[in-house]
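Student: I would like to go through this model term by term. Please set each value against its definition.

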Protein chains: 2
Amino acid sequence: MDGKINLAEKLASFAQHWSPRTVARFNDCDVMVVKVLGEFVWHKHDDTDDFFLVLEGTLDIELRDRVVTLGPGEMYVVPKGVEHRPVAREEVHLLLIEPTGTPNTGDPATAAPRITA
Amino acid sequence: MDGKINLAEKLASFAQHWSPRTVARFNDCDVMVVKVLGEFVWHKHDDTDDFFLVLEGTLDIELRDRVVTLGPGEMYVVPKGVEHRPVAREEVHLLLIEPTGTPNTGDPATAAPRITA
């Protein structure tokens with residue numbers, strides 16, 4: 001991972017949904033791309049904010065009191081401790097940043113494994 | 001900063017080069033957009049990696065032994081302690097992430113102020 005990272009190329013290298021690929025490290029964080037489709041589970045991260053940048057498609061980030069709808073080039077940071085549920089009515093490509101080791105569901109027992117693309 | 005963040009709208013709100021605008025906070029980091037044109041100074045950050053994602057244009061990140069050239073949708077993380085010089089031969093729009101308070105030149109005496117967009 002010592003060269004430039006083309007996010008579209010990384011995304012083209014896999015098809016599986018809800019399975020983030022780590023494309024770079026930034027300090028103690030994983031920079032990841034992921035393809036999502038459908039509804040994720042309601043969850044929260046008690047120890048970290050959750051960074052979402054939409055690269056392609058439209059993502060709803062459902063919060064308990066409202067919905068944040070993101071298109072390409074739009075981002076949102078879910079503050080730590082805030083329950084949220086990502087919902088993609090079409091396939092959505094995202095850039096995510098989370099501290100290395102953060103379970104994507106907020107719970108190690110149900111989290112997707114981290115794969116390096 | 002509790003709604004969605006449209007990066008293009010944030011970038012359209014100012015014209016000044018090399019003057020990062022903070023658009024969100026992620027844990028202890030500032031998420032920033034910046035417009036750059038021309039050559040920056042050679043510098044390094046001893047305590048943090050330096051995250052670059054090109055949104056528009058083409059950026060050369062000169063390292064002492066090579067050049068990393070990034071187009072839209074391409075990113076690079078300059079590891080902490082590594083000297084680098086961003087060079088933009090045309091106006092380039094970037095997303096940057098750095099720990100809050102990081103001087104953009106690596107030196108508080110010469111750093112640009114942090115402005116919230």
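Tutor: Start with the elements: helices (H or I, at least four residues) and strands (E, at least two) are DSSP runs, numbered from the N terminus. A:Glu90 is found in strand E8 (residues 84-99) of chain A. This is a predicted model, where local features need pLDDT of at least 70, side-chain atom pairs count only at pLDDT 80 or more, and totals for chains, interfaces and linings use all residues. Residues are numbered from 1 along each chain as its sequence is written, while chains are lettered from A and ligands numbered from 1 in the order in which they are written.

Student: Why does A:Glu90 count as exposed?

Tutor: A residue is buried if 20 or more other C-beta atoms, placed from the backbone, lie within 10 Å of its own, exposed if 12 or fewer, and partly exposed in between. A:Glu90 has 11 C-beta neighbours inside 10 Å, so it counts as exposed. Buried residues make up 39% of the 117 residues in chain A.

Student: What is A:Glu90 in contact with, leaving aside neighbours within four places in sequence?

Tutor: Contact needs C-beta atoms, placed from the backbone, within 7 Å. On that basis A:Glu90 is in contact with A:Gly57 and A:Thr58, leaving aside its neighbours within four places in sequence. The C-alpha atoms of A:Glu90 and A:Val77 are separated by 21 Å, with the two residues 13 apart along the chain.

Student: What makes the size of chain A agree with a compact globule?

Tutor: The radius of gyration is taken over C-alpha atoms, and the globule rule is 2.2 Å times the number of residues to the power 0.38. With 117 residues the rule gives a value near 13 Å; chain A has 13 Å, so the two agree. Its C-alpha atoms fill a box of roughly 40 × 30 × 25 Å, taken along the principal axes.

Student: How do you know that strand E2 (residues 21-26) and strand E3 (residues 29-39) of chain A pair?

Tutor: Two strands pair if DSSP finds at least two bridges between them. E2(A) and E3(A) have five bridges, in the antiparallel sense. A:Phe26 stands opposite A:Cys29 in E3(A). The hairpin has two residues between the strands, and A:Asn27 takes a positive phi near 50 degrees there. E2(A) also runs parallel to strand E9 (residues 115-116) of chain A, joined by two bridges. In E9(A), A:Thr116 is the bridge partner of A:Thr22.

Student: Which strand of chain A is joined to E7(B)?

Tutor: Strand E1 (residues 5-6) of chain A is joined to E7(B) by two bridges, and they run antiparallel. A:Asn6 stands opposite B:Glu74 in E7(B).

Student: How do you know that the copies meet through the same surface?

Tutor: 100% of the interface residues of chain B are also interface residues in chain A, so the copies meet through the same surface. The contact takes 21 residues from chain B and 21 residues from chain A. E7(B) gives the most to the side of chain B that touches chain A, with four residues.

Terms used: Contact = placed C-beta atoms within 7 Å.
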